Amino acid sequence: MPFLILFLHVVAAIAALALASRSRAVAVFVAAVAPAGAAVWGLVALLDPTTTRSSSFVWVEGLQLGFDFELSPIAALLTLAIGAIGTLIVIYAHGYFAHPEPTLGRFLATLTIFGASMLGLVWADSVWTLFLFWEATSVTSFLLVGHKNANANARIAARRALMITGAGGLVLLAGMMVLIDATGTHRLSEMAPTTGTTATIAAVLLLVAAATKSALVPAHVWLPGAMAAPTPVSAYLHSATMVKAGVILVAVVSPVLGGTDTFRVLSMTLGALTMFWGAIGALRQRDAKLILAWGTVSQLGFLVLLFGIGTAKATFAGVAVLAAHAVFKAGLFMVVGEVDVRTGTRDIDELGGLARSMPITATIAALCGLSMAGVPPLLGFPAKEAAVEAALGLAGTERLIIGGAIIAGSVLTVAYTTHFVLGVFGPSRNGTATTVSPGRAALMVPAAILACISILGWIFDGTTSKPITRAAAALNAKADVYQLINWPGATQAFFVSVAIVIVGAILGAARSRAQLRVPATIGANAADTALDQTLVLARRITARMQHGSLPVYVLTMAFVVAAVSIIFVQPALEAVGDMTVADSPGQLALALATVLAAWGCTQVDSRIGAALALGVVGLAVTGLFVVHGAPDLVLTQLLVETVIVVGFVIGLGRLRRSFPETGARWRQVRAAVAGLCAAGVAAALIAAEGAASSATAPPTERLVAEAVDEGGGNNIVNVILTDVRALDTFGEIVVLAVAALGVVALGRPALVTPKTPISPPTREEVRA
Amino acid sequence: MSLALVIAIAGLVGFGVHLITARSLSRVVLGFALLGHGAVLALLGSGGPAGEPPLADRAPVGELANPLPQALALTAIVISFGLTLFLLALARRQHELTGDDLVEDDLEDRAISALAEAEALRGHHDD
């Protein structure tokens, strides 16, 4: 089934891409079918929790390569959320984009593939599968954030998001490998709780990865920038999907690593800091969408804090807030998108009178906002109650610190919610009413559905509670006693909640009246600068290493070869005493002649002279073949040498007589490296000879016997070439044929002869 | 392998390296030819000491030179022959196009380094 749904998404993406230009409605319908299918499967799994749903595709046996999916209770819950909200987002996008929208096909396709990546991520049971889909969400979200690719801000924001989440992906891979080392399995469902140094390292790495994905301080800088994306993207990525990936990671590994102090302390610290900084950020903004973005940062910190606490109640509260947040945050983003489309602005200072001109939207915003603030009769209330109870249920200093953090964070949440709702739908600063264009059903209906879910979730608290309890119990077995309660009565937590709402509302109302400036961005520019500086550094290193001069490249390589052969010097000095000076006097004389002629090659100034010197080298080498007892080589070498000397005369006949001058210093460097190379090669050969002397004698007897008996020839070299190495010889013929073709092609006169010589561009040209 | 062969090979490699790092393409061709000779000799020498030609009916088996490296060296000779001729043709074409047979710097690489230099200059101006 998982594979079928993923396949459905891929097909839907391709179909939407192909159909969008022909029939918009069909494309939207096709793109909505895939996530709807996922939602149905998630719902079926939630209704029938007794069946285990897992499937695997093994690619390489024994290497753990392949896909492993398992629909755990929390995965089922998230599948429903991702699928259902995905379907609503596609419908919403239909209303959001103005009618002739050439990029709609690309948008729908990318969104569908992103949804598939997200589903794969929550289903993943193998860490490798998890990593693969984690990276897929990074790449597809990059494409979605940068969807308006003509907009420079969108491109910068997309790059920032990709760099931060991509770096986090690498950390995730490292963390997962350490985790495998600590637990001994790559299946997440089979991992046993572990502690110790390895577990601590894994905890730190995985939390860093989660922080980049879920926009925890200080990696949160990419999220507000990602608001450059079209609003349907923001509504999808920042409610139920992308940013939840880090939270899900923390939730999934918390049973395994929750025993290490580092995991608890670090996740709670990151969570609490992010909750505060996000809420403060939200209160500083006056762009409605940015208020929500910073609010999302705050909520993500809240979730990580809850999962970091690790008690059963906190885990239960975490799952509940996770679900409630997906519903209300998607709804709120949709509202902002509708306001943006219908009024042309998102600045809360310019918006006025919307409560009267857009009553339905205002109601939806109020309902979703109240759910975010944790006010009945909405789903956010029992979730927030559970969180407060979890905080109050702790003991000692923890109760004081965490309880204080959660209560203070909740106050700020209510404050920025009030700031948002009053800012967008309250009167404008100068009291004028904003002009509003007519509403579109496709924009309103999805948001209305989400608002209704928030209400129904509260009313039928027993039904809503079941999957959440089951999901929490899968993470922490003790959580199965808890459930959502829509009206708790006069408990301690209830009074705390009432106080939170009152203080928060007063704070928020005061804030939305206060004079606001467009706030300075903190951190985002630093991230961009760091990125740019890295690129500059990379170019400088490239300029140094890859300067473009072939001779210097070759010389560098030769120097490295010479330097490496230092290891042969010691064994060579030991072996050199045992070596024969020469097999015969003739060999010594010919060897010296070879070296002398080769030296002549480098010294002769005229080209023809050099060619002749090369001929002499060839003859001397031929002589060496003769004394070695290799008549076949002698014949071949003589033939080849003749052709090469002729080739030199033909090929270089038209060139200037002598070689161009080169600088004295460069010549000295070359000579030094060449000398080192020669010494290195000599040392390596002598060392090899010393090492080989103990080895067995060459198998000449066998070769002779087989050549005569089986090959039927007395010339053993020829028999080897034709019988044993027939295929090699064939390859050799092919190489020669190709070289000959090249020579013929290059030898023909050039069709176009440039009048001026080709020269490298000057610095001015490059700069221009 | 005798010391005489070692000297010959080391000499061929040394002068070969010196030549292939030259700017003139025809010198590079010479260098490749020398390196080719060195490689063939190394192959031959690594198979054992000199001996009688490996012809089964001319000498007793014990006195024959090892035939295996000879068979390998034959291929090496022919391939380096092909390479040398191809490089010669390249040098000739280079001469035809530019009036000389010099190895030019890679234009793309030079463009990258010019970019880095320009950035460094801009950075100084900003300061």
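Helix axes here are lines fitted to C-alpha atoms over the stretch in contact, and the angles between them run from 0 to 180 degrees between N-to-C directions. With that in hand, let's look at a helix pair in this predicted model.

In chain A, the axes of helix α15 (residues 359-373) and helix α17 (residues 396-425) come within 9 Å and cross at roughly 170°. Angles over 145 degrees count as roughly antiparallel, so α15(A) is roughly antiparallel to α17(A). On the α15(A) side, the contact is made by A:A362, A:A365, A:A366, A:G369, A:M372 and A:A373. The α17(A) side brings in A:T413, A:V414, A:T417, A:F420, A:V421, A:V424 and A:F425. By class, this contact has 10 nonpolar, three polar and no charged residues.

Next, the nonpolar cores. The largest one has 206 residues, and those touching the most other members are A:A16, A:A31, A:L108, A:V145, A:L306 and A:A320. Helix α13 (residues 312-343) of chain A gives the most to this core, with 20 residues. Leaving aside residues up to four places away in sequence, A:A320 touches A:P382, A:A383, A:A386, A:I468 and A:L484. Another core, of 90 residues, lies apart from the largest one and includes A:A613, A:I644, B:L41 and B:L68.

The two chains also meet: 99 residues from chain A and 91 residues from chain B take part in the contact. On the chain A side, helix α27 (residues 664-692) supplies the largest share, 12 residues. That side divides into 62 nonpolar, 23 polar and 14 charged residues.

Finally, here is the domain assignment of chain A:

| Domain of chain A | Residues |
|---|---|
| domain 1 | 273-514 |
| domain 2 | 553-691 |
| domain 3 | 715-749 |

The C-alpha centres of domain 2 and domain 3 of chain A lie 24 Å apart.

Key: Residues numbered from 1 in each chain as written. Chains lettered and ligands numbered in written order. Predicted model: local features only at pLDDT ≥ 70, side-chain atom pairs only at ≥ 80, totals over all residues. Domains from an automatic or database assignment. Contact = placed C-beta atoms within 7 Å. Helix = DSSP H or I, 4+ residues; strand = E, 2+ residues; numbered from the N terminus. Nonpolar A, V, L, I, M, F, W, Y, C, P; charged D, E, K, R; others polar. Core = buried A, V, L, I, M, F, W, Y, C linked by C-beta atoms within 7 Å. Buried ≥ 20, exposed ≤ 12 C-beta atoms within 10 Å, placed from the backbone. Parallel < 35°, antiparallel > 145°, perpendicular 65-115°, else oblique.
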